[in-house]
Amino acid sequence: MFRTFANAWKIEDLRKKLIFTLLMLVVFRLGNVLPLPFVDIKIVKQIYSGAAGSILGILNQITGGGLASLSVFALGVGPYITSSIVVQLLTFAIPQLEELSKQGEQGRKKIQKITKVLGLVLAILQAYGIVIGIFSTVFTAQGFLPKFIVITALVAGSQFIVWIGEMITEHGIGNGVSMIIFLGIISRLPDSIIGWVRTLLSGQFSQVWWKALILLVITLLSVVFVVLLTQGERRIPVQYAKRVVGRKMYGGSSTHIPIKVNMSGVMPVIFASSLLALPQTIALITGGGFASFVQKYLNSNSTISVLTLVVVQFLLVIVFAYFYNSIQFNPYEYSKNLQQNGGFIPGIRPGKPTTDFLAKIVSRITLIGALGLGIIAAAPRLFGHFMGIALMLGGTSIIIAVGVIIETEKQLEAMMQMRHYKGFLNK
């Protein structure tokens, strides 16, 4: 991985992309420490104390870490991700959106515009919920004008972060939204490490050393498992029949269709976490009985709430893994392309049998990948609760962090390979 980044730095155009990405991320971090007007930071820290594993903590993770300090970027990319989920689900339910999704780049831009408008609406609602909900006591000034200023600042910050993500995706390296969430995750590591070191140095070493060891082992095993899950693939052999065109013979070669175990990457986890944060957002706005329900069953302060969170998150990861894979891999299209190019899977007849075979294989592979993601997302939370360990990185954080690093590395390798091809063709 480090060799890939070092080689990319030596190439001028890739170096510019890396520098641009770093500068955009620096802007994001600066905005994360820029406080909102009329906010008492001490009260914010009291509210957020102990929320790292709760729904409020998940919401902070999705926002990129800005909620913990209630900064200008407190909303982060959360409204945009929620909007993306809603629009993608509606694509299957509304014929007009389905038609747009089939219109190529032009249709994609229209769907992107709809997603941004819906994201803006959700950002306004979430900002309103923060001002009048759980963070209503942190504001030093009351009245319509101060609240309006705060809501406007939150919404503007959210839209600016979405723009930063788009700029990174278009002109930088990696997926912009994923990079922002990744930075929000790793930015919490230094504070967690310092907290553990202070505990060890305070004379409590004999009481917590074994917890620190278990914490390290769980984290390392989770990282290794995520890497294996991300890199694993099932290769389906494909044979191309020989055919004569004029005086030349084509085909007769063998290849394979690589089907990733975790084809959808980190998106199911991000989508599941964003959807889990939605009840918290609604509770911020409505309050009352629903807020009490969320506090009781969707907050990691009790065993029943932890179990509820784990089960719901596990199921959501599986659902979104299947949903995302159904968008990415179309067995019918693969079967059709194979048949048109004279390819076939040994032992499987072309046409519908090939489509059914590919659909069955993808379904089984997706289940394995989804179960793996669900276990990694849920298991550290259970360990942390029942053993009283404050995990530096939860399962969701590990999946997102490792997944973003691997995907960024692969994109860099693809860019370098493409550059070599261009150089060869220019010669």
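Colleague: Buried means under 20% relative accessible area. So is Phe-329 buried or exposed?

Modeller: Phe-329 has a relative accessible area of 6%, so it counts as buried. Keep in mind that this is a predicted model.

Colleague: Which residue does Phe-329 form an aromatic pair with?

Modeller: Its partner is Tyr-334. The two rings are stacked, 4.3 Å centre to centre with 15 degrees between the planes. Tyr-334 is partly exposed, at 35% relative accessibility.

Colleague: How many aromatic pairs does the count come to?

Modeller: There are 5 aromatic pairs. Phe-144 with Phe-148 is one of them: the ring centres are 5.8 Å apart and the planes lie at 20 degrees. Under 30 degrees counts as stacked, so this pair is stacked.

Colleague: Where do Phe-144 and Phe-148 lie?

Modeller: Both are in helix H8, 4 residues apart, which is about one turn of the helix. In general, residues three or four places apart in an α-helix point the same way, because there are 3.6 residues a turn.

Colleague: And Phe-144, buried or exposed?

Modeller: Phe-144 is exposed, at 69% relative accessibility. Phe-148 is partly exposed, at 46%.

Colleague: Which residues form an aromatic cluster?

Modeller: Phe-28, Phe-73, Phe-160 and Trp-163 form one.

Colleague: Phe-28 sits in H2, then. Which residues of H2 are buried?

Modeller: Phe-28 is on that list. Down the axis of H2, the buried residues fall within an arc of 145 degrees, so they line one face of the helix.

Colleague: What does the face turned away carry?

Modeller: That face of H2 has the exposed residues Lys-16, Leu-22, Leu-23 and Leu-30.

Colleague: New topic. Where is Gln-313?

Modeller: Gln-313 is in helix H14, residues 303-328. Its relative accessibility is 2%, so it counts as buried. Leaving aside neighbours within four places in sequence, Gln-313 is in contact with Ala-272, Ser-273, Leu-276, Ala-377, Arg-381 and Thr-396.

Colleague: And Thr-354, what is its place?

Modeller: Thr-354 is in helix H16, residues 352-386. It is buried, with a relative accessible area of 3%. Not counting residues up to four places away in sequence, Thr-354 touches Ser-335, Leu-338, Ile-345, Ile-348 and Arg-349.

Colleague: How far apart in space are Thr-354 and Gln-339?

Modeller: They are 9.3 Å apart, C-alpha to C-alpha, and 15 residues apart in sequence.

Colleague: Last one, the whole protein. How many helices and strands?

Modeller: The protein has 17 helices and 5 strands. Of its 427 residues, 43% count as buried. Among contacts between residues at least 6 apart in sequence, 73% join residues at least 24 apart.

How values were computed
Residues numbered from 1 in each chain as written. Predicted model: local features only at pLDDT ≥ 70, side-chain atom pairs only at ≥ 80, totals over all residues. Heavy atoms only, no water. Buried < 20%, exposed > 50% of the residue type's maximum accessible area, 1.4 Å probe, protein only. Helix = DSSP H or I, 4+ residues; strand = E, 2+ residues; numbered from the N terminus. Arc of directions from axis to C-beta. Phe/Tyr/Trp six-rings, centres within 6.5 Å; stacked < 30°, edge-to-face > 60°. Contact = heavy atoms within 4.5 Å.
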